[in-house]
Amino acid sequence: MESFRACIVREQNQQVSYCVESIQQDFLSKGSVIIKTAYSSVNYKDHLAVKAKGGVIRSYPMIPGIDVSGTVVSSDTAAFQLGQEVVVTGFGMGMTHTGGFSEYVQVPEEWIVPLSNGLSLRDAMVIGTAGFTAALSIDALESKGMSTSEQPEILVTGASGGVGSVAIRLLSQSGYTNISALSRKKQEERLLLSLGAKEIVYPEDVIPEKSKPLGQQRFHYVLDTVGGNVASALIPQLYYGGSISMCGNAGGINMETTVLPFILRGVNILGIDSVNYPIEKRPHIWKRFADEWHIMDSLCIHEIGLDELSNTFSAIEQGTHVGRTIVNMN
């Protein structure tokens with residue numbers, strides 16, 4: 001294989017830097033399958049990966065990028081054939097294993113999902129880890145009783161971000177109508193309403209100046225993407241038997257709550273992990289996107305090249321990034 005391009009993160013004297021470099025195959029982590037990358041996508045975790053003390057990469061140099069879609073060009077296993085279109089999200093990609101911001105990736109066969117019929121390689125990265133996480137969150141909430149037949153009050157936090165924006169569109173596509181979007185970006189109100197939100201609420205609307213162990217019951221279900229004080233404020237506002245799914249920590253890793261919402265209202269916290277979600281269960285989620293949730297053309301999507309990653313990372317750092325950003329390797 002000739003040399004190819006990848007974004008490399010390096011550390012020197014406790015300073016972290018990254019740039020696009022030309023590399024050889026031996027730079028890639030080991031794996032039984034080599035994939036020619038068609039698209040990757042940018043997630044909040046990828047932004048952390050290029051920061052000093054971001055908590056994502058612990059061994060340098062590393063290629064970030066936790067998502068990839070592409071075509072198999074080499075396979076040491078009968079499970080995947082040359083020319084087959086595939087998707088990889090999560091596991092160690094872009095963290096402990098060289099990732100998707102590269103023209104080629106090399107991964108274990110146990111991480112790979114065949115691309116579902118009805119989805120393109122571009123579609124798969126419009127969804128990416130963000131969309132996959134949103135889908136897992138909805139799946140978990142529905143397992144606790146969330147149903148269109150009752151049209152419950154649903155709140156999505158971090159609504160203009162990758163997970164939140166996809167979640168709103170998925171809920172709307174599924175037939176839910178009472179969707180509230182929590183965002184601190186007042187300029188994105190029109191976007192959130194177009195995705196399917198019934199109303200937009202802001203942090204001052206749901207985070208009281210003085211918190212109480214039990215607040216007024218406002219939401220049956222919360223799809224939380226930020227954690228921290230937002231989640232702490234919302235748990236006491238869940239209806240009896242309600243549930244909150246939690247998948248992110250952009251708002252902080254600490255929460256302050258009491259046992260009262262759990263023992264007096266029977267509320268549930270549902271932890272969502274898309275990184276190590278069992279490989280045998282993943283095709284079911286991707287098939288839902290192909291069959292029920294073909295929302296990819298109705299999302300806010302930015303398409304960039306490998307050399308434009310820094311602009312997206314800056315937008316995430318400044319809190320101005322909206323929707324999904326995919327990286328076109330072609």
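Which residue of strand E12 does Tyr221 stand opposite? The legends below treat this pairing and several other close-up views of a predicted model.

**View 1. Strand E11 with its neighbours E8 and E12 in the predicted model.**
Tyr221 stands opposite Ser243 in E12, and this pair belongs to a stretch in which E11 and strand E12 (residues 238-246) run parallel and are joined by five bridges.

**View 2. Strand E15 between E3 and E14, with helix H9.**
On one side of the pairing pattern, strand E3 (residues 33-42) runs antiparallel to E15 and is joined to E15 by four bridges, with Tyr39 standing opposite Asn328. Strand E14 (residues 301-304), by contrast, runs parallel to E15, also over four bridges, and Ile301 has Arg324 of E15 as its bridge partner. E14, helix H9 (residues 309-318) and E15 together form a right-handed β-α-β unit. In a regular strand the side chains alternate between the two faces of the sheet. In E15, Arg324, Ile326 and Asn328 point one way while Thr325 and Val327 point the other way, and all of them are buried. Since five of the five residues of strand E15 (residues 324-328) are buried, the strand is largely enclosed by the rest of the structure.

**View 3. Val42 and its surroundings.**
Val42 has its place in strand E3 and has a relative accessible area of 3%, below the 20% limit, so Val42 counts as buried. When residues up to four places away in sequence are not counted, Val42 touches Phe101, Leu309, Thr312, Phe313, Ile316, Arg324, Thr325 and Val327. Val42 and Met125 are separated by 83 residues in sequence, yet their C-alpha atoms are 9.0 Å apart in space.

**View 4. Helix H3 and the residue that follows.**
H3 is mostly covered, with ten of its 13 residues buried; among them are Gly162, Val163, Ile168, Leu170 and Leu171. Just after H3, Gly175 adopts a positive phi of about 105°. Ile168 touches Val156, Ala159, Ile179, Ala181, Leu192, Leu195, Gly196 and Ala197, leaving out residues up to four places away in sequence.

**View 5. The largest nonpolar core.**
In soluble globular proteins, nonpolar side chains tend to be buried together. The largest nonpolar core here has 53 residues, and the members that touch the most other members are Leu119, Met146, Ile168, Leu170, Leu171, Trp286 and Phe289. The elements that contribute two or more residues to this core include E3, helix H2 (121-143), H3, strand E11 (219-224) and helix H8 (282-291), and H2 gives the most, with 13 residues. At least three residues of this core come from each of domain 1 (4-115 + 300-328) and domain 2 (130-271). Apart from this core lies another, of 28 residues, among them Ala6, Val42, Met62 and Val327.

**View 6. Helix H8 and Ser137 of helix H2.**
In H8, the buried residues are Arg282, Ile285, Trp286, Arg288, Phe289 and Ala290, and these pack against strand E5 (85-89), strand E7 (113-114), H2 and H3. Ser137 is found in helix H2 and counts as buried, at 0% relative accessibility. Apart from neighbours within four places in sequence, Ser137 is in contact with Leu223, Ser245, Cys247 and Ile272.

**View 7. The contact between domain 1 and domain 2.**
The domain assignment of the protein chain gives domain 1 (4-115 + 300-328) and domain 2 (130-271). The C-alpha centres of domain 1 and domain 2 lie 29 Å apart, and the contact takes nine residues from domain 1 and eleven residues from domain 2.

Conventions: Residues are numbered from 1 along each chain as its sequence is written. This is a predicted model: local features need pLDDT of at least 70, side-chain atom pairs count only at pLDDT 80 or more; totals for chains, interfaces and linings use all residues. Side-chain values use heavy atoms; hydrogens and water are left out. Buried means under 20% relative accessible area, exposed over 50%, partly exposed in between (1.4 Å probe, protein chains only). Two strands pair if DSSP finds at least two bridges between them. A crossover is right-handed if, with the strands pointing away from the viewer, the path from the first strand over the helix to the second runs clockwise. The expected span of a helix is 1.5 Å times one less than its number of residues. A nonpolar core is a set of buried Ala, Val, Leu, Ile, Met, Phe, Trp, Tyr and Cys residues joined through side-chain atoms within 4.5 Å. Domain bounds come from an automatic or database domain assignment. Contact means heavy atoms within 4.5 Å.
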